[in-house]
Amino acid sequence: MNTSEKTDMEHIKVLIVEPGQYPRRAEIANSLPEMKTIVGGYIESVHPWEDAALIICNEEGLVNGLPLNRLVFELGEPIAGAFFICGVDGDNFVSLSEKQLQHYEKSFHYPEIINVTSIGYLVTSCEPQLYAAYMEQLTADPPIEPMAP
């Protein structure tokens with residue numbers, strides 16, 4: 001194994017997707033501690049697409065009440081908390097190709113405000129500034145009391 005192959009296995013090119021932010025490219029250590037740091041806890045890998053790409057997310061994100069991040073249509077539910085997308089080759093996490101990076105940057109470009117309703121999810125794509133303002137209002141304002149008839 002030459003040095004460049006070893007480096008390629010030790011670091012991988014991924015797309016990190018955080019709530020309220022545009023996705024960003026990153027080169028990360030291909031290690032469990034690094035991945036746990038990015039997602040904020042135990043990792044779970046999800047393979048919702050036909051290509052060789054995975055979502056790596058927080059295994060307990062929904063249970064622990066992390067903010068809903070993006071709705072993954074193929075899963076029929078949102079991912080909670082930060083996640084990243086990486087390539088996969090057999091049992092190994094690998095770098096995304098340039099084509100994959102471009103595809104997923106476009107697919108997950110806009111932050112999403114996700115509201116849970118009685119009939120499913122109501123998703124609004126928006127700019128990061130609008131997301132931040134919405135979240136600030138959501139946490140700062142007391143609930144509105146219903147008016148008496």
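Modeller: The structure holds 3 salt bridges, a salt bridge being a side-chain nitrogen of Lys or Arg within 4 Å of a carboxyl oxygen of Asp or Glu. The model is a predicted one, in which local features need pLDDT of at least 70 and side-chain atom pairs count only at pLDDT 80 or more, while totals for chains, interfaces and linings use all residues. Residues are numbered from 1 along each chain as its sequence is written, and side-chain values use heavy atoms, with hydrogens and water left out.

Arg-25 forms a salt bridge with Glu-98, and the closest N and O atoms of this pair are 2.8 Å apart. The pair links distant parts of the chain, since Arg-25 belongs to strand S2 and Glu-98 to helix H3 (residues 98–107), 73 residues apart. Helices (H or I, at least four residues) and strands (E, at least two) are DSSP runs, numbered from the N terminus. Glu-105 also forms a salt bridge with Arg-25, with 2.9 Å between the closest N and O atoms. Here too distant parts of the chain are linked: Glu-105 lies in helix H3 and Arg-25 in strand S2, 80 residues apart.

Another salt bridge joins Glu-18 to Arg-24, where the closest N and O atoms are 3.6 Å apart. Glu-18 is partly exposed because its relative accessible area is 29%, and Arg-24 is partly exposed with a value of 40%.

Glu-18 leads on to Arg-70. The backbone oxygen of Glu-18 lies 3.3 Å from a polar atom of the Arg-70 side chain; a polar contact is a pair of N or O atoms within 3.5 Å, where within protein one must be able to donate a hydrogen and the other to accept it, and residues adjacent in sequence count only if both atoms are side-chain atoms. Arg-70 is placed in strand S5, and its relative accessibility is 0%, so it counts as buried.

Arg-70 and Glu-112 are 42 residues apart in sequence, yet their C-alpha atoms are 5.8 Å apart in space. Glu-112 is found in strand S9 (residues 112–117). Glu-112 is buried but has no salt bridge, and the nearest side chain of opposite charge, that of Arg-70, is 5.2 Å away. In this count, Lys and Arg are positive and Asp and Glu negative, while His and the chain ends are not counted. A polar atom of the Glu-112 side chain does, however, lie 2.8 Å from the backbone nitrogen of Leu-71.

As for the chain that carries these residues, it has 4 helices and 10 strands. Along the sequence they follow the pattern α-β-β-α-β-β-β-β-β-β-α-β-β-α. Of its 149 residues, 33% count as buried.

Definitions and conventions
Buried < 20%, exposed > 50% of the residue type's maximum accessible area, 1.4 Å probe, protein only.
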